[in-house]
Each structure stands twice: as structure tokens, then as C-alpha cells.
Amino acid sequence: MPEATNADDSDSPDSDGVQIDLISGERMDNMATMEKIRMILDGVHDGNIVILEEGLTPDEESRLIEVTMSEISPDEFNGIEIETYPKSETRDSSLLGRIMGNNESETKLTVIGPANQIETLHKDETLISALVSRD
Amino acid sequence: MGLFTELKDSISRVTDRLFSEQEPKRIGIYGPPNAGKTTLANRIARDWTGDAIGTESHVPHETRRARRKENVEIERDGKTVTIDIVDTPGVTTKVDYEEFTDEMEEDDAIRRSREATEGVAEAMHWLREDVDGVVYVLDSAEDPITQVNTMLIGIIESRDLPVLIFANKIDLDDSSIKRIEDAFPQHKTIPLSAKEGDNMDEVYDSIAEYFG
């Protein structure tokens, strides 16, 4: 499975900073659901902010919640903050729409980070504003 | 002859049950913590069976196990709709035990948070595998556009489950039904107060219409 973080120690993020991993849709295309979830949660456990160009499917989101819950541990990991744009009224989520190939709502920029480091300030259909703090 | 008749009747009753009667649909009550899911489940169960389902509390994550009330028979317009109600733990992506330490000792708070995480995982499993329809409960005094609500409605839609949105707590001053209707215009929103029993006739009409 490809690593999202840089393996070279000399490029490791400064301890004062917050590492942001922007992961392309292409990189996610060939990964299995659990590989995607593992990559996201490994990044978040390291204190990174993970940004997915194309997000996750609803089923993958459901499994991400389930796996996140199993890894929550008092004083160590409180879970994740995850943000995507809410669905627009104009998008077609009907069964017919999906059968006809209208999967616009399936790809959405997604931001995921440790719950204790990322706070959403504002969110609407076109804007997500978040505050990222050091641990 | 008597034995044969009895046997024939018995076989007939079993086959009738197997092939003619529809199994009650399992309706999952979902939503974020503290939306009033258990209060609603108890209201429905008490109205139609006389029994409650679970304990209600203002402290989040009081419900930490999915609980099913079987064969709830709701009568509307001379017809009876039979459903199983599944009251589920509030779904979230984070649980911090320190949220509970004002209300209880640290050990109890840690245990509550651990059980809460198991409950959320259980709720997600029920949603993927074991429910036939969803009542999505929101606190109408809170902003409905949260990531958990957006994700859960998306997950429910992706499974093509029939869903009703219940705008609960309309007895509160800050309640706004329009805010919920605007957030999820693709679904029918029904206002109610499960605690006060307000607008329950429309609640039961809608349940019978959608899940009957």
C-alpha cells in the first residue's frame, strides 16, 4: 500500500508545524476500502490533516466511522473531525440519476483531521472554513 | 379423520405465516446524540404497546446499545401497520470522555465513552445490514448542517432506504423547522415534540404511509 507520508526523515515535518497530506483521486482509485481507511487513520493518528481530492463513497464513510470508533482511546485518540460540502439541492441523488451515471455527488473534496486539532468555523454548500491547531 | 384435519389446519397455519404475512419492517431511529431519539422511541412504544424502550437523559450517549421493540402495531384509518422500532445510539465521529466528567466520576466517564464508541459502531452496522427504513431525528433548535447529518443522510440514500426526517423539540424557543427543511429538501420533514407529544398524529400518519 502506498504511504501517504514522506519516508525521508530529513523531510519530516517540524514539530511546531501541522502536516497536510493532499491525496489525489488517482492515488485512491486502486485502493481497497480498508486500505483507504488505514491510510487516512494512520495520517490522523500522526496528527496530520488529510485532504482527499475525491472523498469517499457513503459505504466507505460508514466504515470509516466504525473503524474510528474502534480506535478511540481515552487521553490518546478522541476520534476524527471530517468535513465535506453538504449536498446541493441541484444534484441528482435519485436511483435513476445514479444509474444514468450522474455521480457528481460521489466525488467531493473531504478534509479529515484529529478531533482535538481541527475545528470547523463555518460550513455551507460552497465553503468550509476550519481552524487547525497544533496538538 | 380428526387427526388429519388438525394436521392439515396446522400445516395451513404455518404456510400462511410463512408465505402470506409480511414480516414487520425494521425502522431504525437514527440521528446525532441528544436529538431525542429514545424519547421518540419511548413515545411511540408507550402509545401503541404500553411499554418504554430505554432510559432518557440530557447527558449525551445515554443510549449505548441498539434496542429493538418488536411488533409495534400502529392503527391509522382502520388499517394496522406493524413495525419493529430500533432505537440506536447517537452517531458521531468523536467521543471525548472529558465531556462527561462534570456529570460523573472519571472512571464512569471513561466507561461511558468506551461503551458509546461501541454503540456508534453497532448503529452503523445496523444501518448497513438490518434496517428497512429510517426515521432521522434532529433537534430543531440546532443547526442541522453538520458533517454527521450530511454523511448519514448520504449513507441512507445510497442504500435506497425510505427515510423520514423528524424535526424534534418544536417546544423549544429556538426551534426552526424551516432550517431543517432547507437543509434536506429532498426528504419529507415532520415537526414534533416527542417529549410533549405535539403533532404525533402526523407522525403516525407519515410512518404508516412510508413504512406500511
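User: Which residues of helix 3 of chain A meet helix 3 of chain B, and how is such a contact read?

Analyst: Two residues are in contact if their C-beta atoms, placed from the backbone, lie within 7 Å. From helix 3 of chain A come A:Ser62, A:Ile65, A:Glu66, A:Met69 and A:Ser70. They meet B:Thr117, B:Val120, B:Ala121, B:Met124, B:His125, B:Leu127 and B:Arg128 in helix 3 of chain B. By class, this helix contact has six nonpolar, four polar and two charged residues. Here Ala, Val, Leu, Ile, Met, Phe, Trp, Tyr, Cys and Pro count as nonpolar, Asp, Glu, Lys and Arg as charged, and the others, Gly among them, as polar.

This is a predicted model, in which local features need pLDDT of at least 70 and side-chain atom pairs count only at pLDDT 80 or more, while totals for chains, interfaces and linings use all residues. Residues are numbered from 1 along each chain as its sequence is written, and chains are lettered from A and ligands numbered from 1 in the order in which they are written.

User: At what angle do helix 3 of chain A and helix 3 of chain B pack?

Analyst: Two packed helices are described by the angle between their axes and the distance between the axes. Axes are lines fitted to C-alpha atoms, for helices over the stretch in contact, and angles run from 0 to 180 degrees between N-to-C directions. Helix 3 of chain A, residues 58–71, packs on helix 3 of chain B at about 155°, and the axes are 8 Å apart. That angle makes the two helices roughly antiparallel (under 35 degrees counts as roughly parallel, over 145 as roughly antiparallel, 65 to 115 as roughly perpendicular and the rest as oblique). The crossing of helix 3 of chain A with helix 3 of chain B is left-handed, a term used if the near helix is turned anticlockwise from the far one by less than a right angle, with right-handed for clockwise.

User: How does helix 3 of chain A cross helix 4 of chain B?

Analyst: The axes come within 8 Å and cross at roughly 125°. Helix 3 of chain A and helix 4 of chain B are therefore oblique to each other, and this crossing too is left-handed. On the chain A side the contact uses A:Pro58, A:Asp59, A:Glu61 and A:Ser62, and on the chain B side B:Met151, B:Gly154, B:Ile155 and B:Ser158. By class, there are three nonpolar, three polar and two charged residues.

User: How many residues does the contact between the chains take from each?

Analyst: The contact takes 26 residues from chain B and 25 residues from chain A. On the chain B side, the elements that give two or more residues are helix 3 (106–129) and helix 4 (147–158). Helix 3 of chain B gives the most, with nine residues. The chain B side divides into twelve nonpolar, nine polar and five charged residues.

User: Is B:Thr92 buried or exposed?

Analyst: A residue is buried if 20 or more other C-beta atoms lie within 10 Å of its own, exposed if 12 or fewer, and partly exposed in between; C-beta atoms are placed from the backbone. B:Thr92 has 22 such neighbours and so counts as buried. B:Thr92 sits in the loop between strand 3 (79–87) and helix 3 of chain B. Leaving aside neighbours within four places in sequence, B:Thr92 contacts B:Pro32, B:Pro33, B:Val120 and B:Val148. Buried residues make up 40% of the 212 residues in chain B and 29% of the 135 residues in chain A.

User: Which value of phi does A:Asp75 have, and which does B:His61 have?

Analyst: A:Asp75 has a positive phi of about 70° although it is not a glycine. A:Asp75 lies in the loop between helix 3 and strand 3 (80–83) of chain A and, with 9 C-beta neighbours inside 10 Å, counts as exposed. For B:His61, also not a glycine, phi is near 65°. B:His61 is in the loop between helix 2 (37–49) and strand 2 (67–76) of chain B, and its 21 C-beta neighbours inside 10 Å make B:His61 buried.

Definitions and conventions
Helix = DSSP H or I, 4+ residues; strand = E, 2+ residues; numbered from the N terminus.
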